[in-house]
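Hi,

Here is the structure I promised to pass on.

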Amino acid sequence: MPLLEITPGETALFTANNLWMMVATFLVFIMHLGFATVESGMCQSKNTTNILFKNTLIPCLGLLTFAAWGFNLMYPGFAEGDSGWFKFAGFGLHQPGGNLSGDASGLYDYASQGYTYWTDFLFQGMFAATAATIVSGAVAERIKFIPFMLFCGFFVGIVYPIIGSWQWGGGWLKTLGFYDFAGSSIVHSIGGWGALAGAIVVGPRIGKYVDGKVVGKPAHNLTLGVIGVFLLWLGWFGFNGGSVLSANPELVSYVLVTTCLAAAAGGVIAPITQYFFSKKFDLGMSLNGILAGLVGITAGADSVSVGAAIAIGSIAGILVVLSVAFFDKIKVDDPVGAVSVHLVCGIWGTLAVGIFSLTPDKTIAKQLTGIAAIALAFPVCLAAFYALKLTVGIRVPAEEEIHGLDMVEHGVNAYEITTHS
């Protein structure tokens with residue numbers, strides 16, 4: 001429609017909606033710094049540069065891949081009669097209608113006046129890169145740099161957008177009635193399945209499991225861990241609040257309340273649960289409890305009651321503790337608990353929508369179907385990691401792992417210790 005036919009009120013609403021979506025995008029972007037600090041702080045100092053480098057390149061590679069074809073795989077424009085399993089809208093970014101010269105044709109119609117095409121791409125691109133970042137923590141301290149980045153390109157460019165299209169792209173899961181508001185499954189459990197596949201194929205760190213016992217490899221910098229978790233919590237204001245897809249004042253504020261209460265509940269319950277096992281109040285487990293609560297509420301932040309949000313976060317806080325212990329029991333080494341936080345609590349949060357939703361159309365059966373379908377990410381990622389293992393190799397040599405990845409892979413330590421005579 002011509003620019004002159006847009007009323008001042010419509011222009012103001014469109015501007016407010018788009019501005020909030022851009023702010024939400026900025027908040028999701030800062031989550032990459034959160035992941036970088038959490039992962040580096042919770043691992044050994046000798047691998048800090050390696051972890052920071054991976055988390056620096058993931059959003060770079062992710063955005064380029066998503067721009068080249070991932071966005072059009074995830075949002076291909078399924079039409080009536082399509083199977084809803086696969087469609088591709090072509091390479092590159094192409095704004096539907098309108099241009100930068102002032103012609104508003106199609107601009108205000110895109111996303112029901114919620115935001116522009118360009119804002120949509122950037123917001124969704126940040127989500128895509130976040131899913132790949134989840135994998136990084138689970139394979140930290142022993143995976144080769146180049147093979148890992150090759151996997152990330154495959155994951156962001158193929159796995160995430162195709163599975164994501166089934167729900168957020170209007171595919172068959174959306175038609176079925178499966179519901180995932182902001183990504184407990186679409187982002188977190190897809191990333192969690194990739195993380196589990198990677199941890200299995202690359203194997204545990206040297207000395208992690210000895211004579212049937214779990215040997216602790218303490219976090220080298222809990223300060224970084226705390227900073228990272230609070231950056232992630234801040235980013236979740238955009239992650240969940242932006243998923244309203246407009247600046248609707250009531251719904252955005254409600255989503256932020258349920259999000260924060262679930263996080264708070266997880267942060268309190270997880271260390272209490274851990275105390276029963278270790279008789280210590282574990283800061284690291286409280287941090288994972290906060291993240292578990294955030295992941296758990298993400299699928300239903302807009303559609304559950306305040307009390308249910310607290311219950312979801314509390315149960316997530318319990319699950320993350322039990323899950324960490326379980327994976328250590330079966331010798332799946334996950335240095336930062338990424339599988340427990342993102343996969344286990346992502347599944348829980350998705351199922352919780354069917355249990356606690358305020359509307360009857362969101363059922364347990366529909367949610368279970370979606371959970372099972374999204375689990376297809378696991379065999380695909382497992383095959384990808386095995387293919388890399390058999391071709392270029394994915395694990396660093398034992399000597400390099402013992403010495404630390406920083407110097408051998410990157411030629412610089414994150415920390416230089418100097419002595420004075």
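This is a predicted model: local features need pLDDT of at least 70, side-chain atom pairs count only at pLDDT 80 or more; totals for chains, interfaces and linings use all residues.

Below is what turned up, going from helix packing to loops to aromatic rings.

Residues are numbered from 1 along each chain as its sequence is written, and side-chain values use heavy atoms, with hydrogens and water left out.

Let's start with the helices (DSSP runs of H or I with at least four residues, numbered from the N terminus). Helix 1 (residues 8-42) packs against helix 7 (residues 222-241) with the axes 7 Å apart and an angle of about 155°; axes here are lines fitted to C-alpha atoms over the stretch in contact, and angles run from 0 to 180 degrees between N-to-C directions. That makes helix 1 roughly antiparallel to helix 7. The cut-offs are under 35 degrees for roughly parallel, over 145 for roughly antiparallel, 65 to 115 for roughly perpendicular, and oblique for the rest. The contact of helix 1 with helix 7 has 20 nonpolar residues, 9 polar ones and no charged ones. In that count, Ala, Val, Leu, Ile, Met, Phe, Trp, Tyr, Cys and Pro are nonpolar, Asp, Glu, Lys and Arg are charged, and the others, Gly among them, are polar.

Helix 2 (residues 48-74) and helix 3 have their axes 8 Å apart and pack at about 130°, so helix 2 is oblique to helix 3.

Now the loops. Most residues other than glycine have a negative phi. Glu141 is not a glycine, yet it has a positive phi of about 80°. You'll find Glu141 in the loop between helix 3 (117-138) and helix 4 (145-165), and it counts as buried at 2% relative accessibility. (Buried means under 20% relative accessible area, exposed over 50%, and partly exposed in between, with a 1.4 Å probe and protein chains only.) Leu245 also has a positive phi, near 65°. Leu245 sits in the loop between helix 7 and helix 8 (249-278) and is partly exposed, at 35%. Ala301, in the loop between helix 9 (283-297) and helix 10 (306-329), is buried at 0%.

On to the rings. The structure holds 22 aromatic pairs, where rings of Phe, Tyr and Trp (its six-membered ring) pair if their centres lie within 6.5 Å; planes under 30 degrees apart are stacked, over 60 edge-to-face and the rest tilted. Phe88 and Phe91 form an edge-to-face pair, because their centres are 5.0 Å apart and their planes are at 80°. Phe88 is partly exposed at 32%, whereas Phe91 is exposed at 56%. Phe326 and Phe327 are edge-to-face too, with centres 5.2 Å apart and planes at 70°. Of those two, Phe326 is partly exposed at 46% and Phe327 is buried at 11%. Ring pairs also link Phe66, Phe71, Tyr75, Tyr117, Trp118 and Phe121 into a cluster.

Finally, two lysines lie over ring faces: Lys54 over Phe148, at 4.8 Å from the ring centre, and Lys362 over Tyr179, at 4.5 Å. The test is NZ of Lys or CZ of Arg within 6 Å of the ring centre and within 35 degrees of the ring normal.

Cheers

Definitions and conventions:
Helices (H or I, at least four residues) and strands (E, at least two) are DSSP runs, numbered from the N terminus.
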